[in-house]
Amino acid sequence: MDLRPDDATRERLAQARTLGRELIRPVGLEADRLGRPTPPDHPFFEQLVRLGLGRTRWTGEPPKKRAAVVGNARGMLCVAEELSYWDRGVAVSFPGPGLGEPPLLSMGTDEQRERFLTPFRGSDRPRWGSFAMTEPGAGSDVAGIRASARRDGDTWILDGDKSFAANASRADWIVVWVTVDASLGREGHRAFVVEQGTPGLGGFHVERKMGLKAYESTSFTLRECRVPAANLIGGEEHYARRAGFKGAMQSFNATRPTIAAMAVGIGRSALDEAAAFAREAGVLRDVRVRDRLERVRRRLRVARLLCWRAAWLADHRQPNVMEASMSKAFAPTAAFEAASLGMELLGMEGGRGDHLIEKLFRDVKAMDIVEGTGQIQRLLMARKLVGLPRDPA
Ligand SMILES: Cc1cc2nc3c(=O)[nH]c(=O)nc-3n(C[C@H](O)[C@H](O)[C@H](O)COP(=O)(O)OP(=O)(O)OC[C@H]3O[C@@H](n4cnc5c(N)ncnc54)[C@H](O)[C@@H]3O)c2cc1C
């Protein structure tokens, strides 16, 4: 595995660092102070679009072997880590197709990629896509989703409730997972692109969160929501032989290492803040403090290598399900330890609630929850270890 970033990644990292210092960190602190997401008409988003950010990675060509990621997965991870170093909430608020992109890449037809991703190829304005799997009664138990779809001529009628979907109320479209028959479990799953403004899509409610306040996590409802059959991702033939569920899992194998890399970014930031505070407070003389700081750095490096390994396998079109889970199970705990140590060193300063470490401590917790909790990843890996089938998601 060659660990050196290529020239394009190096350039993007330098851009992320400058953007992070000058814009991302201040925008994140502002959202945290105000306790609400950065509004879609904030000039920050226009600026990102002018810089050529917020675009799809789809080049217009059919993706190789229907992969859920196109381009350089490891390069993407490095940039995601760096952006999250400055503010992970802001990184998720960036315009772009977001988590809606992987299912379109891996399962979508050429016509669907053309329709839904082309507007993101050279955006004239900030645009967002979104991904909604979670429901009030179905988080880890992905197979238990109850939002339903029934066919009616050339359309499908969708009904149900979705929770915590990133950027959903501002999105041009949302990739919504539903079931055609809940008794079929995963085999009944279908993914639709539901376009903003479709009658029956509504009830948007931006949730309150303990951290990552810069981006919106939104619940919404589908009530007799009529969607054209052409918006069923991959068309009906795709869903033969559990392909729908495979599509969701392919998406997660692509996105879990990215979430893990983002956790590493938050952890690095917490470590830098903790070490700076310890230096200022004069406690670096204490070998116990130095040892604990070093332990955090070591665990973050291990986490990063796990992420890179998962991405390297994806780049070489090799299965990465185990490595994706490993990175997702490990990185958030390492990052949490970094923020936790920072809070401990800060003592009273941290308790006041106006130090960056305190914000990072609130931000980092979600990294263990989203895209499959750490517990679920450990469960999956343990089942694989002893040769049991995958269950749950
Ligand atoms: C900030 C944030 C952003 C999010 N963004 C999105 C998004 O963009 N799109 C989207 O669809 N969803 C999103 N989610 C939802 C997220 O994916 C779910 O919260 C997550 O899957 C966990 O589901 P749950 O909250 O229902 O917890 P539950 O599934 O109820 O789990 C609660 C606890 O029980 C444990 N547990 C559950 N099942 C088992 C089991 N079988 N064995 C052992 N332990 C188990 C879990 O590990 C966890 O600790 C987001 C959530 C958050 C907090």
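Which backbone nitrogen does the side chain of Asp-159 reach, and at what distance?

A: This is a predicted model. The side chain of Asp-159 reaches the backbone nitrogen of Glu-224, at 2.9 Å.

Start with the setting of Asp-159. The residue sits in strand S3, which spans 155-166. Its relative accessible area is 23%, so Asp-159 is partly exposed; the cut-off for buried is under 20%. One holds Arg-146, Ala-147, Ser-148 and Arg-150. The other holds Leu-222, Arg-223 and Glu-224. Tyr-215 is another matter: 56 residues separate it from Asp-159 in sequence, and the C-alpha atoms are 26 Å apart.

Now follow strand S3 to the ligand. S3 supplies at least two residues of the shell around the ligand, as do strand S1 (129-132) and helix H11 (374-385). The shell has 20 residues, and Met-133, Thr-134, Ser-140, Phe-164 and Thr-373 come nearest. By type, the shell divides into 12 nonpolar, 6 polar and 2 charged residues.

A polar side-chain atom of Ser-140 lies 2.6 Å from a ligand oxygen. A backbone N or O atom of Ala-166 lies 3.0 Å from an oxygen atom of the ligand. For Phe-131, a backbone N or O atom lies 3.1 Å from a ligand nitrogen. The ligand taken alone exposes 980 Å², and the protein buries 64% of that.

Ala-166 leads on to Glu-216, which touches it. Glu-216 is found in the loop between strand S6 (201-206) and strand S7 (217-228). At 1% relative accessibility, Glu-216 counts as buried. Its side chain makes a polar contact with the side chain of Ser-169, at 3.0 Å. Beyond residues up to four places away in sequence, the contacts of Glu-216 include Pro-37, Ala-165, Asn-167, Ala-168 and Arg-170. Val-206 and Lys-209 are also among them.

The loop between S6 and S7 also holds Leu-212. This residue is buried, with a relative accessible area of 3%. Its phi is near 50°, a positive value in a residue other than glycine. Glu-371 also has a positive phi, about 55°, although it is not a glycine. Glu-371 lies in the loop between helix H10 (356-364) and H11. It is buried, at 14% relative accessible area.

Last, the nonpolar packing. In soluble globular proteins, nonpolar side chains tend to be buried together. Here the largest nonpolar core has 99 residues. Those with the most contacts inside it are Phe-44, Phe-94, Leu-158, Phe-192 and Phe-220. Helix H6 (residues 243-281) gives the most to this core, with 12 residues. Take Phe-44: apart from neighbours within four places in sequence, it is in contact with Leu-23, Ile-24, Val-27, Val-90 and Phe-94.

For contrast, turn to Val-287. This residue is in helix H7 (residues 287-315). Ala-310 is 23 residues from Val-287 in sequence and 35 Å from it in space, C-alpha to C-alpha.

Definitions and conventions:
Residues are numbered from 1 along each chain as its sequence is written. This is a predicted model: local features need pLDDT of at least 70, side-chain atom pairs count only at pLDDT 80 or more; totals for chains, interfaces and linings use all residues. Side-chain values use heavy atoms; hydrogens and water are left out. A residue is near a molecule or strand if one of its heavy atoms lies within 4 Å of it. A polar contact is a pair of N or O atoms within 3.5 Å; within protein, one must be able to donate a hydrogen and the other to accept it, and residues adjacent in sequence count only if both atoms are side-chain atoms. Accessible areas come from the Shrake-Rupley method with a 1.4 Å probe; for residues, only the protein chains shown count as cover. Helices (H or I, at least four residues) and strands (E, at least two) are DSSP runs, numbered from the N terminus. Ala, Val, Leu, Ile, Met, Phe, Trp, Tyr, Cys and Pro count as nonpolar, Asp, Glu, Lys and Arg as charged, and the others, Gly among them, as polar. Buried means under 20% relative accessible area, exposed over 50%, partly exposed in between (1.4 Å probe, protein chains only). Contact means heavy atoms within 4.5 Å. A nonpolar core is a set of buried Ala, Val, Leu, Ile, Met, Phe, Trp, Tyr and Cys residues joined through side-chain atoms within 4.5 Å.
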